[in-house]
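Please open the structure in a viewer and keep the selection tool at hand. The tour moves from one selection to the next and states what is found at each stop.

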Amino acid sequence: MAPSAIKAEEAAAAQAVPSVTEKLKAASIEEKARQTFIPGFTNYLNAAPDEPYEWEQFTPAFPDVKWDPIPDGIPYEDKGLLGDPTYSRLLQGASEVFDYTPKIGTEIRGVQLKDLTDDQKNDLARLLANRGVVFFRDQEGFDIDTQLELGRYWGKLHKHATTMLPKNGIEEVHVIHTTKNSKNQTALFTPSYLWHSDVTYELQPPSYTSLAVLAGPPRGGGGDTIWSSNYALYDLLSPAMQKYLESLTALHSAEEQAQGSRNAGRPVRREPVVTEHPLVRTNPVTGWKGVFFNPGFVKGFVGVPKLEYEFIYKYLTELITSSPEIQARFTWEKGSVAIWDNRVTNHTPSYGFAPHRRHGVRVAATAEKPYLDPNSTSQDQDLDKLLGREPTNKDGSGISNYND
Ligand SMILES: O=C(O)CCC(=O)C(=O)O
Ligand SMILES: [Fe+2]
C-alpha cells in the first residue's frame, strides 16, 4: 500500500473510533458522570426515574413514636480486650492490609465481614480501638441482618432519638440519605461544624459503629467520609495543655439536634439529654488518652467561663478539622463498609455530590461510661517505645521554617 493510502486509512480509523478524551469532551455532564460511574452503585444518574429503587425499604421514615430515656448502667464488656495483639485471626485470610496514616485508618482487603468468627470479631474490635477506623471493600452479603448481628456482638445497639429510621421499621438502624432534592448542607452548616462523634450526649456513647453505603455518587462525584483521631489530637497538645484539659468536664447536648427535628416538623422520639463527660478519656482497650471532644455536641466546659471555653472549642476544632496527619479519608465504592471506634474519633461527610443520591445505614454499639484513668498513656508514648523514637519534642518554641 502506498504511504498516502496508509495515512488515509489511519485517518479513517481515527475518525471511526474517537479517543476517550474526545468522547469525554463531547459528553454532557450527565454523560460524563455515567462514563465514570462505578458499576452496581445506584445513583440518580443511572436509575431511571420510574424504576423501583432497590433500597426503597431503607429510605427514611419518621414514625411518631415515644421511647423511654436510655437507662444508666447498661452492661458493657469490651470485646477488644479479647482480641489478639497481632490481630492474627482476623488477618489470616486477608489478601492485603495497609494503614492510611501512622495515626489513624487501616484498610483490609480479602476479608468478608459476614464470615467472621467470634475470635475475628474480637480482633477487629481491638484493631478498631487501636486504629480508630477500619475500611473493608467488596463485601458480599453484608446485609442488614449481618450488620446488626456484628454490632450486637460488640454491645447493646443504640437507637437514635431523632434522625431518620428506615421504612422497614428497624429501630436500631440510623439512615443517612441525601438526594437531589435535599437541602444544601454546606449552606446550612459551615463544614467544620459537621465534624462530630456520634451521639456523645448519651450516658454511654457508642464505641464500634459501622456504616455501609448502599448508593452513592459516581467515582469522582464527591461524598467521601473523613475521620480524625482523638488520640492524635491529644498528642498534638503541649504537656501543660494536656494536663489542663485532663482536669475539665465537658457538657454534651442533644438539645440542638432535637430542636432541628422539631423545626423540620419531625418527631423527637426520646427527650433530649445534656450529659457531662471527662474531656480527656481513656480507651479501655489501648489504655491511651484521647480528647473526647467534638464540635457538634460539646456545648461548654463545667466551671469554665464562656469566652475561655470558646477559645478552646475553636482551637480543638481547628486541630480536628485541619490537621491532615491525624485524619483518614475514605472514598466509597459499591460493597464498601467503614467501622470506627466512636470513642476515639471524629468524622464528617464531605458534601457537594448533588444531584446524586447518597444513602447508607449505620449501626452502633453502646459502650462504657467515659472515664479518665490518670495513669493511662498516650498513643505517641507507646509508638515512641515501639519504634525506638525520641519522644516528640514539645519545647514550645513555636518556630518553624517549613513554610515553603
Ligand atoms: O455521611 C457520612 O459520610 C457520615 C455519616 C455519619 O455521620 C454517620 O453515619 O454517623
Ligand atoms: Fe456520624
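Begin by selecting Tyr-87, which is found in the loop between strand E1 (60–61) and helix H4 (88–91); helices (H or I, at least four residues) and strands (E, at least two) are DSSP runs, numbered from the N terminus. This is a predicted model, in which local features need pLDDT of at least 70 and side-chain atom pairs count only at pLDDT 80 or more, while totals for chains, interfaces and linings use all residues. Residues are numbered from 1 along each chain as its sequence is written, chains are lettered from A and ligands numbered from 1 in the order in which they are written, and side-chain values use heavy atoms, with hydrogens and water left out.

The phi angle of Tyr-87 is near 55°, a positive value in a residue other than glycine. Is Tyr-87 buried or exposed? With a relative accessible area of 12%, Tyr-87 is buried; buried means under 20% relative accessible area, exposed over 50%, and partly exposed in between (1.4 Å probe, protein chains only).

Next, select Asp-138, in the loop between strand E4 (133–136) and helix H6 (144–154). Asp-138 is not a glycine, and its phi is positive, near 55°. Asp-138 is partly exposed, its relative accessible area being 48%.

**Helix H5**

Now select residues 118–131, which form helix H5. Ten of the 14 residues of H5 are buried, so the helix is largely enclosed by the rest of the structure. Among the buried residues are Leu-124, Leu-127 and Leu-128, and also Lys-121, Asp-123 and Arg-131. Gly-132 follows H5, and its phi is positive, near 85°.

**The iron site**

Select the iron ion (ligand 2) and display its surroundings. Which protein atoms are the donors of the iron ion (ligand 2)? They are His-196 (NE2), Asp-198 (OD) and His-347 (NE2), lying 2.1 Å from the ion. Donors are N, O and S atoms within 2.8 Å of the metal (3.2 Å for Na, K and Ca); water is not among the atoms, so sites may look incomplete. Along the chain, the donors of the iron ion follow the spacing H-x1-D-x148-H. Asp-198 lies in the loop between helix H7 (185–188) and strand E7 (206–215), and His-347 in strand E16 (residues 345–349), so the pair ties together parts that are 149 residues apart in sequence. Asp-198 counts as buried, at 2% relative accessibility, and His-347 counts as buried at 6%.

Move to Thr-275, in strand E10 (residues 274–278). Thr-275 is buried, with a relative accessible area of 7%. E10 has a covered face, Thr-275 and His-277, and an uncovered one, Val-274, Glu-276 and Pro-278. A polar atom of the Thr-275 side chain lies 2.5 Å from the backbone oxygen of Tyr-201. Not counting residues up to four places away in sequence, Thr-275 touches several residues, including Glu-202, Leu-203 and Leu-251; contact means heavy atoms within 4.5 Å.

Thr-249 stands opposite Pro-278 in E10, and Ser-253 opposite Val-274. E9 also pairs with strand E13 (residues 298–301), in the antiparallel sense and over three bridges. Here Ala-250 stands opposite Phe-301.

**Helix H11**

Finally, select helix H11 (residues 306–322), whose 17 residues should span 24 Å at 1.5 Å a residue; the end C-alpha atoms are 24 Å apart, which agrees. Among the buried residues of H11 are Tyr-309, Ile-312, Tyr-313 and Leu-316. Seen down the axis of H11, its buried residues fall within an arc of 160°, so they line one face of the helix; the arc is that of the directions from the helix axis to the C-beta atoms. The face turned away from this buried side carries the exposed residues Leu-307, Phe-311, Lys-314 and Glu-318.

The last stop is Ser-322, which lies in H11. Ser-322 is partly exposed, with a relative accessible area of 46%. The C-alpha atoms of Ser-322 and Ser-228 are separated by 9.4 Å, although the two residues are 94 residues apart along the chain.

Technical notes
A polar contact is a pair of N or O atoms within 3.5 Å; within protein, one must be able to donate a hydrogen and the other to accept it, and residues adjacent in sequence count only if both atoms are side-chain atoms. Two strands pair if DSSP finds at least two bridges between them. The expected span of a helix is 1.5 Å times one less than its number of residues.
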